Amino acid sequence: MTTKIIPIMAGGGTRLPAHIGILKALEQLGVEFGDIVGVSGGSIVASLYAAGHSLETMKQIAIETDYNQFREFSLLKLLRNGGLSSGDVFERWVDNLLDGRTFAQMDKSLHIVATDVKSGQPVVFDRETSPDMKVSLAVRFSMSIPLVFSFKPFGKRIMVDGSILSEDALHRDWDGQATPVLCFRLRGEHEYQDLKVTGFLPIFNYITLLIRTFMTTLSREYINEAFWHNTIVVNTGECSAVDFNLTSDQKNQLFEMGYHTAMDIIPIKTKIKTAPLQHLSGING
């Protein structure tokens with residue numbers, strides 16, 4: 001019997017290799033899905049997968065990309081637009097990877113979730129609500145980590161990070177057929193190298209500490225018992241959601257964490273029976 005779900009790649013920030021590892025496990029376990037949901041950092045991985053990129057290509061992109069190119073650290077932008085970076089470089093990067101595709105042009109049914117801070121409500125972008133919108137713009141909305149990327153107006157709305165939303169905004173009937181969801185969340189250990197907030201321009205280090213604490217608090221948010229049966233938490237160790245200096249080794253470790261956690265827990269959540277030698281490491285396993 002085929003197992004069918006709708007995966008929700010929730011949050012993660014710069015730790016996207018973990019979500020790629022999760023997708024590898026889903027493929028290897030034979031879990032089928034025609035819809036995929038992306039939130040914050042998970043929206044990058046979800047959009048690449050929905051566009052038809054292979055997991056090998058996605059992993060290579062994640063490991064070889066220098067995330068520092070997306071971080072501008074402009075106090076002027078922070079004061080004017082609420083973020084240290086405009087997010088424009090990031091949006092162009094995503095758009096290039098997706099060849100400028102719109103939601104209507106995606107191979108799978110993609111749903112990207114962002115937050116309208118004016119109403120505190122979720123805003124969903126997909127082929128039903130916004131077929132002609134470039135997916136890169138929706139990813140930019142969903143990735144608007146407070147203080148890191150500037151808030152982005154969209155009509156009368158002000159769009160920020162989708163991971164701010166409460167759980168019930170994600171656990172919904174995405175395809176209209178009551179297909180069960182499986183939400184993958186990343187959680188760090190909140191152990192960082194100490195940053196000093198003294199010396200020349202200490203405001204940068206102070207803001208970095210503030211952002212890290214905020215994002216870690218989000219990842220450690222209490223999970224309602226009503227959603228535990230279809231939530232899988234991947235422990236990402238000391239890697240932060242806003243660590244723009246991840247090494248290749250750390251990115252590979254994140255991939256393995258996502259892969260092994262998913263391989264261990266997905267069968268329990270979905271009652272899949274696995275073969276004895278199926279649990280293999282690596283992208284080509």
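Is Asp161 buried or exposed? In this predicted model, Asp161 is buried, with a relative accessible area of 0%, where buried denotes under 20% relative accessible area, exposed over 50% and partly exposed in between, for a 1.4 Å probe and protein chains only. Residues are numbered from 1 along each chain as its sequence is written, and side-chain values use heavy atoms, with hydrogens and water left out. Local features need pLDDT of at least 70 and side-chain atom pairs count only at pLDDT 80 or more, whereas totals for chains, interfaces and linings use all residues.

An unreviewed UniProt entry lists Ser40 and Asp161 under "active site", an annotation that may be inferred rather than shown by experiment. Although spread over 122 residues of sequence, they cluster in space, the largest C-alpha distance being 5.7 Å. Ser40 lies in the loop between β2 (35-39) and α2 (41-50), and Asp161 in the loop between β8 (157-160) and β9 (181-187), helices (H or I, at least four residues) and strands (E, at least two) being DSSP runs numbered from the N terminus. Ser40 is buried, with a relative accessible area of 1%; leaving aside neighbours within four places in sequence, Ser40 is in contact with Gly11, Val113, Ser142, Met143, Asp161 and Ser163, contact meaning heavy atoms within 4.5 Å.

Elsewhere, helix α3 (residues 55-64) packs with helix α8 (residues 248-270) at an angle of about 140°, their axes 9 Å apart, with axes fitted to C-alpha atoms over the stretch in contact and angles running from 0 to 180 degrees between N-to-C directions. Lys59, Ala62 and Ile63 in α3 meet Ser248, Lys251, Asn252 and Phe255 in α8.
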